Amino acid sequence: MSNTFKVDEPSSSMGQASDPWRFDISKLININLFFNFIFFTLGLSLGLTLGFNDLKASSLSTILSPFLLSSTLSTPPPTLISPSSQPSRNGFEHMIDSRSSVAPTNLGNHSLKHNMSDDELMKKASMMKLLPQVEGCPMIKSVPKLAFMFLTKGPLPLSPLWEMFLMVHEGLYSIYIHAHPSYNDTYPAGSVFRDRQIPSQPVEWGTSSMIDAERRLLGNALLDLANQRFMLLSESCIPLYNVTTVYTHLINSNLSFISSFEEQGKTGRGRYNTRMQPNITITDWRKGWQWLEAHREVALRVVSDGKYYSIFKEHCRPPCYSDEHYLPTLANIEFPRLIANRTLTWVDWSRGGPHPGKFGSGGITDEFLNRIGQGEALTQGSWGQCFLFARKFEPSSLEALIRLAPLVLGFGP
């Protein structure tokens, strides 16, 4: 009998009994692999968690850069208005609320030039509603801003008045201008209007190009996540109160100010086209004005709409005017409870005719400005401003407006 120690080879037979003292190397290898996998998984999870926390704190804006045109922060943060304080026309209330500790974004000062088509812009803008849900995004923790959107033919003849209105309030607003594409920006260096012109298309009164321009302005303004209220204005618009009043009222309102009403006769229901059925019925049909003051949620719904927009593009032609019916009808169908069913932009229809009255140098008095700025108390407000803006002021009115602004409108030197 041999005394040589021999390690038995594993049996190839499943039914053969195994030696209890045999050292099974294959089992040990499997155990080592299992524990190595467990340690690797735990290490990978820990590394990803720590890395993601750092990413959220420092570079999430880089990841979001395809959706944002800029991520620059402006300093120092502006003074904000306490929601509980009642604003006046005279001076800026230096009240600080809890949001003042958060630096305002300076996204409104980025270059507005891009090569996106309208469809691409609407798609990109409509995606911005998803981004505020990202926890830790530095672009969300910012002072909410007002987006002033000017629909013009070319220059803004009343820009000196608006410069006075916006003076020393940088960080509380953004500016967007839709002018004819052939118009070249001629605003001086330092002007709040310099380089604020968005890529545009020609606009013809009474056609669907009016709502195309409005959607284009909303689309560009929505790319700045800090913009929370959106005002559509014309080159003939003026502010009736200072920034304090306008900012306080709009930022603290849950409603959007869009007029949407029923009107019988040929200028109301008479413009309805039965080819819009079944998506738009005669009972859905509304009239109003396109000069909106909208919350971000409503602005997102407008740029996201393709269904009703395409119907109006095809079936609303003179004597149907999209600028008077598209937005009021869309609001009535899609978000009637989100609107105040009125506008904050005053205009004079008392003279009759298809166009409102205009105002030049004559008749611009403190009594006149006070009269149009103050009216019946707003049902959703705690104080009695009826209009924040007014339309149809001609260039010749500028001198009188600048003279009266410090005394009557509450802004200026």
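**Reading a predicted model, feature by feature**

User: Which strand pairs with β7 through two bridges, and how do the two run?

Analyst: First, the labels: helices (H or I, at least four residues) and strands (E, at least two) are DSSP runs, numbered from the N terminus. Two strands pair if DSSP finds at least two bridges between them. Here β6 is joined to β7 by two bridges, and the two run parallel.

User: What is the strand order of the open sheet that holds them?

Analyst: The order is β4-β7-β6, an open sheet of three strands with mixed pairing. Its edge strands are β4 (238-239) and β6 (345-346), each of which pairs on one side only.

User: How should I read side-chain directions in a strand, and which residues of β2 point each way?

Analyst: In a regular strand, side chains alternate between the two faces of the sheet. In β2, Y173, I175 and I177 point one way, while S174, Y176 and H178 point the other.

User: Is β2 enclosed or open to the outside?

Analyst: For that we need burial: buried means under 20% relative accessible area, exposed over 50%, and partly exposed in between (1.4 Å probe, protein chains only). Six of the six residues of β2 (residues 173-178) are buried, so the strand is largely enclosed by the rest of the structure.

User: Which strand does β2 pair with, and by how many bridges?

Analyst: Its partner is β1 (residues 145-151): six bridges join the two, and they run parallel. One to look up is F148, whose bridge partner in β2 is I175.

User: What kind of unit do β1, α4 and β2 make?

Analyst: To judge handedness, point the strands away from you: a crossover is right-handed if the path from the first strand over the helix to the second runs clockwise. β1, α4 and β2 make a right-handed β-α-β unit.

User: How many residues of α4 are buried?

Analyst: An α-helix has 3.6 residues a turn, so residues three or four places apart point the same way. In α4 (residues 159-166), six of the eight residues are buried, so this helix is largely enclosed by the rest of the structure. The buried ones are S159, L161, W162, M164, F165 and L166.

User: What are the phi values of D195 and K392?

Analyst: D195 has a positive phi near 60 degrees, though it is not a glycine, and it is found in the loop between β2 and α5 (209-222). K392, not a glycine either, has a positive phi of about 75 degrees; look for it in the loop between β7 (389-390) and α11 (398-409). V168, which follows α4, has a positive phi near 65 degrees.

User: How many salt bridges are there?

Analyst: A salt bridge is a side-chain nitrogen of Lys or Arg within 4 Å of a carboxyl oxygen of Asp or Glu, and by this rule there are nine.

User: Which residues are linked with E262 in a network?

Analyst: R269 and R286 join E262 in a network of salt bridges. R269 meets E262 at 2.7 Å, N to O, while the closest N and O atoms of R286 and E262 are 3.8 Å apart. R286 and E262 are 24 residues apart in the chain, with both in the loop between α6 and β5. R286 is buried at 13% relative accessible area, whereas E262, at 45%, is partly exposed.

Key:
Residues numbered from 1 in each chain as written. Predicted model: local features only at pLDDT ≥ 70, side-chain atom pairs only at ≥ 80, totals over all residues. Heavy atoms only, no water.
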